[in-house]
Amino acid sequence: MEKKYWQSIEETQAHFKPQAEEKEASMIEILANEANEKAASRRDFLKWCGISFFSATVISACENPVKKAIPYLHQPETITPGKASWYASSFVDGNRFCSVLVKNRDGRPIKIEGNDLCNFTGGGTNAITQASVLSLYDDGARYKYPTKDGEKISWEKADKAILKALKEAADKGKKCYLLTPTLMSRSTTTIIESLKTRYPALEFVSWDAVGYYAIREAHLHTFQTAAIPDYRFDKADLIVSFSADFLATWLAPVSFAHRYATTRRLSEEKKTMSRHIHFEASMSVTGSNADERIPVKPSAELEIIMELYNEMAALTGNPVFSSPATHYDTKALAQEILDSKAKALIVCGHDNLKAQILINAINHMAESYGNTLDNRKTLNMGHGNKEAMEQMIEAMENGNAELVMFYKSNPLYNHPEAAKIKAAMANVPVTVSFATAKDETAKACTYILPDNHYLESWGEVMPVWGTHALMQPVMQPIFNTRQFQSSLLAWMEEDTDYHKHIMNYSERVLFPRQNQFPDFQQFWMHTLQAGILENDEVLSFNANLQSGVTSDAIAQLKAQTAQASQLQFSVMEDVKAADGSYANNPWLQELPDPITKISWDNFAAISPRFAEENNLKDGDRITINGLEVPMIIQPGQAYESISLALGYGREHAGKSADKVGVNAFALLNTNPFPWNVESWEKNGSGYEFARSQTHHSMEGRHIVRESNLDKYKENPKAGNEIRDYHLKHMVTLYPEQKFEGHHWVLMVDLNACNGCSTCVIACQAENNTPVVGKQEVKNRRIMHWMRIDRYYTGEAENPGVVFQPLMCQHCDNAPCENVCPVAATNHSHEGINQMAYNRCVGTKYCINNCPYKVRRFNWFRYAMNDKFDFNMNSELGRMVLNPDVTVRERGVVEKCSFCIQRIQDGKLKAKNERRKLKDGDITPACAGACPSQALVFGDLNDPDSRVAQLIKDPRNYHLLEELHTLPTVGYMTKIRNRKG
Amino acid sequence: MKKSHQKTQKSREKRSVFSPVFVSGIMAVIIFLSLSSFLASDNEQPATDTIEPEMAEVEVDTLPLMEEEPSEEDAVVETPAENDFVRGEYTQQQIRRGERLFNGLAPFQSGMHDCASCHYTSAQQEINWNPAAWELAVVWEQDPDYSIMDIMNNPVSMRLMEDHAGMTITAEEQHLLEAYYTKLSEEGPARLQAYPVRSAIFWGMGFLMLLAVVDLIFTRKIPFKAVHFVILFVGIAVHGQFAMAEAQNLGRTQNYAPDQPIKFSHLIHAGENEIDCQYCHFTANYSLSANIPSNNVCMNCHNVVRSGTLSGAFEINKIHKAAETGQPIEWIRVHKLPDHSFFSHAQHVNAGKQDCANCHGQVETMHIIKQVEDLSMGWCLTCHRESNVDFLDNPYFEIYERLHDKIRNGEIDGVTAAELGGEDCMSCHY
């Protein structure tokens, strides 16, 4: 496909104005409508004002409430009231892993940070990890005690019943099944193995709703070892991805985003960056960051893989097989891969064995193994085995299963044959779920033996060979729950203390492989404190390609694609709900999708051309293969493809998840080509999405400045030339402001930012930002202190996408400050645009005068209000609130404070330690959470600080600097690596 | 959880107001403030509090004063046998008789004086080291083996032997006292009532002003109009002053000195025994909170020190009891900033080198801890403007080069917190 390349932003405006004109009610209309809905008049309003004044006065004058100060009986050594303690732990859920630090304040975990000591994740996090702390306090959805058929029972009774089933199954000649997702924990699998030895009828089935087993199996075929190599994006000069959304969802996105960013960062010293070519049907986060993005439907993508294989084979002198011709110039791509000389990395996101075999062969020809693909320290992920799952379902249907146990698996929701499994469950006498919180499968089980939340659990995992991560509880279990592993140990009729088990395991397996500590206790405490241990354990394979496998793969893949229909769908995980496990997290639900900026929904995305041909528009309801779903027109969507996000449409997950969106797992059942759209029709329109950004163009202003690598190499100011013009015209009559002491600055590298939105959740968690719900998001009242603006440039069929994290710019000449009638917002000595909530009277003048639109108004009282029935409306849900930040009341304006509580804390620490503040002592929530380290915060007055260096970089510019607002947030131009 | 709850409640005080409403609101506030000044003077502090000495006076005993002689019922009651006095069975009449006995309105057989002169039944301004009547009742109620007769007739501790020397009671008297204890423990701590000086002035002035207006317009008894105007002028001034004072003190609790669950005396601990503040409040140096000491800190000393010179063992026993039952002592919080101000003890004690007494007053002279300062924002800011930071000795401040130059040149001799951003809103409010 021919791509239109553009030099400046204005150029693109003439071509492309996407759905900016959609009909949206103005604020006045919304207010007027609301006013009409109520019968209250202005008089009533005055009356109520009078009454509230009266009562407030009388109540506050009469009596001050007695406040009690109740100390500990025995103050634990590790808890200091008013001071946070930090614990290293690990966020683990199936294939998802993140090494984390948990901030614990007064005995309750309130914030998750990345663990810098972990080389695998690089100290980053993602949105799901950041939000996971909220699930701990989800008292609406969490199971609070063991139940049988919904009735509370004791653990002993439950254990007895399950032991009976385990023991009797063998006598009856039946099987018992334990279904888990990928288990990266070897200490857990050893327990399961010994349980299997004890109860021979027990079968252990590993199954992932969104699996990577094809990669593992493909390596078995091609290299005779079932393994997934580690993808070293940091070592790659050329990245070719086929639908692998590795920056946001695929395999280990935190690690991959971190590694990818290191190759994308530019400076005076390093003027090289990787080149990223991306093939996909839907617009994904990763695709939107690609230098070349080729929108193709799934069948065409597979055809390109086949052709690319053939071209590579031709160039390297390997056998060539017949494959369908494509429209893409694969020859040039093959040449480019070979030219990059063992620095290319080709990844494929399809869970399709044949395609993965070909990808392995391509990588082999590109000499990626041992270079960009680590075949020694391989990933310990993707163990989910679909076939074993099929066998289990069959056994259940045939009545051969006596007992089925579901651990972190919810096949009744996210298995394509959910209905079949549900029916089969009736044939199983005993079904057990270990679900932590409500899910569809647990609902259908006889026994629910709730597992601890991961923040209440002990654990040990090995996400990649040679990297061991520990998980430790940061609080006592809130409810009467028991850790899954402890349950298994109980059925071994052993000591149920999993903590001891892990310690034994460490002493046996990890301790002998190190020589730093002579004493195990010392070793254990040190490892627990670090959360991570790296040693020399490997699972390696020799990259000697088996002959014959590729010819079969191509032949079968060709047969498969030949059956593809004209119109195809593609489903993918998004950054929020993943496989549906996180759907009941209101923070995640309200997080705008990085691309479409839609929250509280999923949708079918179609291409503009297809929409035009079929007369479809945003908000139309279409039915695909029997599934009705509202649709949007997505620029960049492949023609004749329909994309849907997984993880929505939960039936029994909790109040934030139920009936939000549709369940796309149901679509996955279509044969013979898995993505065929067999039927589709339009059957309705007018669906309203909650969208936080509806205007997609920069309207000719230099909001995001970008350039190409070749131009950047010639002139580092490329794309940022206009800055000189603005600086020349920046004259003022007023004396220049000087900031003594500190002058806080945040630098955002648009080249490193991939739009994943982790920072938005981190900010929400840190700053007690309320969740407002779908309707209020529609009303443009989302409260996030920072948002990520996404703009499209270029042609609608395949636009360029840019992301821009936008928070308060802390202008040194702030327009908001001088319009406040009560001086509630003003400038601090350290260049921070401060906001005093208790002084604010809510005129909203500041909001109107802010050119960046980063101020938020509390239209309602969001805490303890039944109309906003999210985490702040429950006693337990409010536990997550950060006690260092005020919960804002109705009628006041709020905005980003540069995490002033952290600045104050960092300064105080330096003062108390009698030392100068060091660069990096203070990190706002957004910068700390970013897996790509795209945000850098620091003191401009410190000449050695990173920000002082970055602000001098020719790529630096300030947003709307022509307005002379003098923002202290700087952006670094986005540089792409396009050819020609 | 509790914290956030309070936080939202506090910040609710600030509301957005549209201007016409604002004016009417202000008027409403003024009217009701003057009204509330009356209410406030009566009910300023909650149930377990005492009140400023000058405006409070102890409530006169509420008992129906026992007239000349015992009433007829008393006369006809015959002295029952000793084993008739079953603990837990009391009649209304016995409760009333016990009350009289306790308060000295009926004589003890041994001729001892009343109980209430040491074990107060009403709240007091000054600290009374003897257990209050209701506390005795609670102790008795919680311990089924507790016997008043044992305590009185065969005291074991030195303190009790001295204080109760020569005092004995009979089984019947014990039964009556027990009866009264049931009533006392039900009532709980006695409550102070204020003598409404300020209310009297407020209403008196109001009445005078009303008279003046009535006379000015209708009755016209006083020939000199100057009298009316002087009364009105003074009256409005007095009411205005009341409204001002009360409005300023909204939510402030200067001089708040509630009775604590243990008669803990800072005078004895910090004053006489010279225990360092940070021995008990040990987190003040490095945490936001100065920490109410946990029970185990008390036990460090009171494991050995089982009896006090003033209070005997009664108060110290409460610590041991907490350790035994696992129920921590529920202290009443005295110093409390609103939740929207973030105060760090570490900042002031460690970095700022402030003396505890600067904010908390001379606690080593207080038996009952009292809030000395009003803890208002103005008070905070005054200190920020006046007190110098540890500028030259702390390397942290090296970044302020211009100020260092000034000091070197002798232009200034110190740097205040305000000069370093101590007046910024977000120093305290975020």
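The exercises below walk through the two chains of this model, each with a worked solution.

The structure is a predicted model, in which local features need pLDDT of at least 70 and side-chain atom pairs count only at pLDDT 80 or more, while totals for chains, interfaces and linings use all residues. Residues are numbered from 1 along each chain as its sequence is written, and chains are lettered from A and ligands numbered from 1 in the order in which they are written.

**Exercise 1. Describe chain A as a whole: what is its secondary structure, and how compact is it for its length?**

Solution. Begin with the secondary structure, which comes to 30 helices and 40 strands in chain A; helices (H or I, at least four residues) and strands (E, at least two) are DSSP runs, numbered from the N terminus. Along the principal axes, the C-alpha atoms of chain A fill a box of roughly 85 × 70 × 65 Å. Finally, 57% of the 980 residues of chain A count as buried, where buried requires 20 or more other C-beta atoms within 10 Å of a residue's own, exposed means 12 or fewer, partly exposed lies in between, and C-beta atoms are placed from the backbone.

**Exercise 2. Find the residues that touch the most other members of the largest nonpolar core, and follow one of them.**

Solution. A nonpolar core is a set of buried Ala, Val, Leu, Ile, Met, Phe, Trp, Tyr and Cys residues joined through C-beta atoms within 7 Å. The largest one has 282 residues, of which I305(A), L358(A), L403(A) and C926(A) touch the most other members. Helix 10 (residues 298-316) of chain A gives the most to this core, with 8 residues. A second, separate core has 18 residues, including A123(B), A137(B), L176(B) and Y181(B). To follow C926(A), recall that two residues are in contact if their C-beta atoms, placed from the backbone, lie within 7 Å. Apart from neighbours within four places in sequence, C926(A) has contacts with C759(A), A762(A), C763(A), M786(A), M807(A) and L935(A).

**Exercise 3. Explain why helix 8 of chain A is largely enclosed, and state what covers its buried residues.**

Solution. Helix 8 (residues 253-264) of chain A has 12 residues and reaches 16 Å from its first C-alpha to its last, close to the expected 16 Å, a span given by 1.5 Å times one less than the number of residues. Because 11 of these 12 residues are buried, the helix is largely enclosed by the rest of the structure. Among the buried residues are F256(A), H258(A) and Y260(A). The cover over the buried residues of helix 8 of chain A includes strand 3 (96-105) and strand 9 (228-231) of chain A.

**Exercise 4. Work out how strand 31 and strand 32 of chain A are joined.**

Solution. Strands count as paired if DSSP finds at least two bridges between them. Strand 31 (residues 787-793) and strand 32 of chain A run antiparallel and are joined by 7 bridges, with Y792(A) standing opposite V801(A) in strand 32. The hairpin they form has 6 residues between the strands, and there G794(A) takes a positive phi near 90°. As for burial, strand 32 (residues 800-806) of chain A is mostly covered, with 5 of its 7 residues buried.
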